[in-house]
Amino acid sequence: MAKTAVVFDSAGTLLHMYRAAKDLRSGSIYYDIVTTDLAGTNPDFAIIILHIEPEQLMQMDGSYPVHRCIEELQIKIDIGCSNRSLSIDKAHSIISSDSLALVSDLQEVLEAVWDRCDNKQYLGVGLMVDMARNCIPYTLSTGGCPYPEARDVVSQLEALGVDIFIASGDKQEDVEMVARSIGVRKEHTFGLSTPQRKCRIIRELKLSYEKVVMVGDAINDIMAFREADFAVLTVQQRNERPERLCLESDAVIEHITQIVPLVRDML
């Protein structure tokens, strides 16, 4: 049996993130709010990822309802994070029930991130849906840039004989893009990883490895933290963390490079 596997979350862990959320009830835009934390404020919230190119979205008529945009352009959607079970069909039904969310609401959050993110490869947009009220309370956008040291960290861990994986709620193609940029094998990437799926990934890896380490930064990593042999909370991205997430971690690091000596001491 191989010795050790290290599983990294992506956003906030391997990538420095820029985020924006628009409250469609108040019209306010919130910057640098962790979308998974926002989803965690209501058990009926779920994050929906929209598979649309940012350039295409910015060229669209802003007065168009979001549900018509998705239906007429046949935009694929995925569940990024959900507190309870939600099917794609049910997500489509909730989006179709909301006539207030407009394309301009998506454009505003995308523009808020676009202006601050140097690397346009990792830009994306999404929606928060409310499963109880059948509505869209927030539009969302995120963008990220890999931490400069991430590639070197991967190289150092691999030199120790450690296998590296990425499990992220982001789209699979975005996770693979991150993996290519830092030297992680494509077959070691798991996109669209809900908290429940991250937990299953850790559990399955434990069948092949003596020790599985989970490295994450947000509440959507908490189930994986509990399942892992060793849980590392990274606070390099300076956001507030819920106390229960901190309590589930075995170590806290302030910089991604600190994972290397931690893992070395386990071998």
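Trainee: Ser-10 first: buried or exposed?
Mentor: Ser-10 counts as buried, because its relative accessibility is 1%. Buried means under 20% relative accessible area, exposed over 50% and partly exposed in between, with a 1.4 Å probe and protein chains only. Keep in mind that this is a predicted model, where local features need pLDDT of at least 70, side-chain atom pairs count only at pLDDT 80 or more, and totals for chains, interfaces and linings use all residues. Residues are numbered from 1 along each chain as its sequence is written, and side-chain values use heavy atoms, with hydrogens and water left out.
Trainee: Where does Ser-10 sit?
Mentor: In the loop between β1 (2–8) and β2 (15–23). Helices (H or I, at least four residues) and strands (E, at least two) are DSSP runs, numbered from the N terminus.
Trainee: And which residues does Ser-10 touch?
Mentor: Leaving aside residues up to four places away in sequence, Ser-10 touches Leu-15, Ile-166, Ala-167, Ser-168, Asp-170 and Val-178. Contact here means heavy atoms within 4.5 Å.
Trainee: Which residues of α7 are buried?
Mentor: Helix α7 covers residues 172–182, and its buried residues are Asp-174, Val-175, Glu-176, Met-177, Val-178, Ala-179 and Ile-182. Their cover includes β2, β7 (135–146), α6 (150–159), β8 (163–167) and β9 (189–190). Just after the helix, Gly-183 takes a positive phi of about 90°.
Trainee: Switching to aromatics, how many pairs are there?
Mentor: Three aromatic pairs. The rule takes rings of Phe, Tyr and Trp (its six-membered ring) with centres within 6.5 Å; planes under 30 degrees apart count as stacked, over 60 as edge-to-face and the rest as tilted. Phe-165 and Phe-190 are stacked, because their ring centres are 6.4 Å apart and their planes at 25°. Phe-165 is in strand β8 and Phe-190 in strand β9, so this pair ties together parts 25 residues apart in sequence.
Trainee: What about Phe-165 and Tyr-209?
Mentor: That pair is edge-to-face, because the ring centres are 6.0 Å apart and the planes at 85°. Tyr-209 is in strand β10 (residues 209–216) and Phe-165 in β8, so the pair ties together parts 44 residues apart in sequence. Ring pairs link Phe-165, Phe-190 and Tyr-209 into a cluster.
Trainee: How buried is Phe-165?
Mentor: Phe-165 has a relative accessible area of 4%, so it is buried. Tyr-209 is buried too, at 9%.
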